Amino acid sequence: MNTIKSTLEQMTDAFAHPLNNQQLDDIAKFVTDSLSTRFQFGHDFFTMKDVIPTSLVEALSPYIDSGLQITGDLMELEARYHEAKFSFEFEISHSLSGLVSLLKTQTSIANIVINAVYENDSFKLDHANQKVFHDVSAEPSELHGVYCIIDMENGQSFLSQVSAEEAKQAMWANTHDRLNGVNPYTTNTKKLMFYKASCLRRGLKTISALNNCGDIQLVSTLLNLHDRQFNKAKALRKVMPLNNYKFRGCSKQPSSIDQIFKQEHGNVVIPFSQPVKPTVKNKNVVKEDSTKWLTELPEDCIESWSEDTLGVGF
């Protein structure tokens with residue numbers, strides 16, 4: 001606790017643009033209120049007090065540099081496993097309510113409706129008039145999917161949908177690929193909030209790709225901040241080779257999280273260094289530009305109101 005407090009006090013000089021007192025107070029309250037948040041790793045449960053305090057600055061930097069406000073009303077403090085250090089570090093993401101509030105107040109999005117559809121519900125799409133008829137059943141049943149309607153101030157409307165299977169796959173990816181095995185979705189309520197946030201991001205990606213609103217920069221920034229965390233986590237999963245013969249039988253190499261990744265995705269994690277064969281460069285070969293621009297979108301991405309099947313639109 002004392003380390004976290006001292007870390008917060010030293011934050012003034014930790015960023016390119018110094019934080020004012022109000023920003024420091026908001027961050028301090030945000031972190032302090034989140035210290036009791038529980039998360040699961042393997043078969044054990046931990047709290048944010050078990051996370052390395054000094055990693056807070058690195059988690060905050062992308063959001064502060066982007067000019068976003070850091071408060072507990074908009075964001076959630078999470079943990080990510082650091083493979084090489086065998087410890088947890090902080091990560092940050094917008095909560096569902098915070099994301100909706102930010103989009104409605106700072107972009108040309110007029111309204112956002114996100115609802116879960118269950119097996120016993122009556123659900124029908126009116127494609128001609130772009131309307132949803134959804135009657136919620138009083139009888140409890142299994143989750144069938146989630147739909148999100150984003151209404152723009154210019155009159156346009158976008159529909160995104162995810163099936164229950166896709167929502168679970170997205171949660172698995174966030175748990176294992178973004179947070180390296182840390183599971184913050186420990187209750188059914190948190191799981192449902194994540195499903196809805198994932199469906200919302202799917203709709204935002206369609207809007208961002210079509211580039212059809214004037215304040216698209218904020219939408220793209222929010223998506224990029226979330227997506228870049230996957231690449232950051234991937235770099236932390238690479239286990240450094242232990243060349244000393246004393247450590248070749250160490251149980252930490254490969255670690256348990258490495259084995260989990262191998263079972264699910266194959267050799268995603270690199271536990272040992274592999275010999276690299278020298279390659280001969282041909283000076284006459286023209287190097288292709290590695291930058292790929294988005295030129296067109298699939299029809300099912302643009303015409304998101306044209307199908308009944310949950311899952312179309314991404």
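Predicted model: local features only at pLDDT ≥ 70, side-chain atom pairs only at ≥ 80, totals over all residues.

Student: What makes helix H3 mostly covered?

Tutor: Seven of the ten residues in H3 are buried. These are Leu 56, Val 57, Ala 59, Leu 60, Ser 61, Tyr 63 and Ile 64. After H3 comes Gly 67, with a positive phi near 80 degrees.

Student: Why is the contact between Asp 33 and Lys 29 called a salt bridge?

Tutor: The closest N and O atoms of Asp 33 and Lys 29 are 2.8 Å apart. The cut-off is within 4 Å, so the pair qualifies. Both residues lie in helix H2, residues 21–34, four residues apart, which is about one turn of the helix.

Student: Are Asp 33 and Lys 29 buried or exposed?

Tutor: The relative accessible area of Asp 33 is 51%, and exposed means over 50%, so Asp 33 is exposed. Lys 29 has 56% relative accessibility and therefore counts as exposed by that cut-off.

Student: Which residue forms a salt bridge with Lys 232, and how do you know that the pair qualifies?

Tutor: The partner is Glu 58, with 3.4 Å from N to O. That value is within 4 Å, so the contact is a salt bridge. Lys 232 belongs to helix H7, residues 216–236, and Glu 58 to helix H3, so the pair ties together parts that are 174 residues apart in sequence.

Student: What makes Arg 178 and Glu 78 a salt bridge?

Tutor: Their closest N and O atoms are 2.8 Å apart, and the cut-off is within 4 Å, so the pair meets the rule. This pair links distant parts of the chain, with Arg 178 in helix H5 (residues 164–178) and Glu 78 in strand E3 (residues 75–82), 100 residues apart. Arg 178 and Glu 78 are both buried.

Student: How many salt bridges does the rule give?

Tutor: The count comes to seven. In general, side chains of opposite charge can pair when their charged atoms come close.

How values were computed:
Residues numbered from 1 in each chain as written. Heavy atoms only, no water. Buried < 20%, exposed > 50% of the residue type's maximum accessible area, 1.4 Å probe, protein only. Helix = DSSP H or I, 4+ residues; strand = E, 2+ residues; numbered from the N terminus. Salt bridge = Lys/Arg side-chain N within 4 Å of Asp/Glu carboxyl O.
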